[in-house]
Amino acid sequence: MRYEIDLDNITTKMQFHEKIRETIPCPDYYGGNLDALYDVLTEMSGPIEIVFLNFREFTHQLPGFGEVVEHLCADVQAENPELVI
């Protein structure tokens, strides 16, 4: 399964998490924070590919947060070998 998450015009953390909810299957109790995102991604079974579109622009809109998301993705891939981000 392949999911494309378009981060164009995402300027807040809330918008980021809402886009995640809209694009990938998240449980109803998804907390809308990075810990919850980590849990969702590490529990996915696949093979699964997630592509963030417009990530560079996103990191300019939310400096610091984009870097944290990038590190989270690396951690998730180390934990879940069925997932490619």
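Trainee: Which residues is Ile 5 in contact with, leaving aside neighbours within four places in sequence?
Mentor: Lys 19, Ile 20, Thr 23, Ile 24, Ile 50, Val 51, Phe 52 and Leu 53. Contact means heavy atoms within 4.5 Å. This is a predicted model: local features need pLDDT of at least 70, side-chain atom pairs count only at pLDDT 80 or more, and totals for chains, interfaces and linings use all residues. Residues are numbered from 1 along each chain as its sequence is written, and side-chain values use heavy atoms, with hydrogens and water left out.

Trainee: Is Ile 5 buried or exposed?
Mentor: Buried, with a relative accessible area of 0%. Buried means under 20%, exposed over 50%, partly exposed in between (1.4 Å probe, protein chains only).

Trainee: How far apart are Ile 5 and Ile 50?
Mentor: In sequence, 45 residues; in space, 7.4 Å, C-alpha to C-alpha.

Trainee: New topic. At what angle do helix 2 and helix 4 cross?
Mentor: Roughly 30°, and the axes of helix 2 (residues 34–43) and helix 4 (residues 65–79) come within 10 Å. That makes helix 2 roughly parallel to helix 4, as angles under 35 degrees count as roughly parallel. Axes are lines fitted to C-alpha atoms, for helices over the stretch in contact, and angles run from 0 to 180 degrees between N-to-C directions. Helices (H or I, at least four residues) are DSSP runs, numbered from the N terminus.

Trainee: Which residues of helix 2 make the contact?
Mentor: Leu 34, Leu 37, Tyr 38, Leu 41 and Thr 42. Helix 4 brings several, including Phe 65, Val 69 and Leu 72.

Terms used: Helices (H or I, at least four residues) and strands (E, at least two) are DSSP runs, numbered from the N terminus. Angles under 35 degrees count as roughly parallel, over 145 as roughly antiparallel, 65 to 115 as roughly perpendicular and the rest as oblique.
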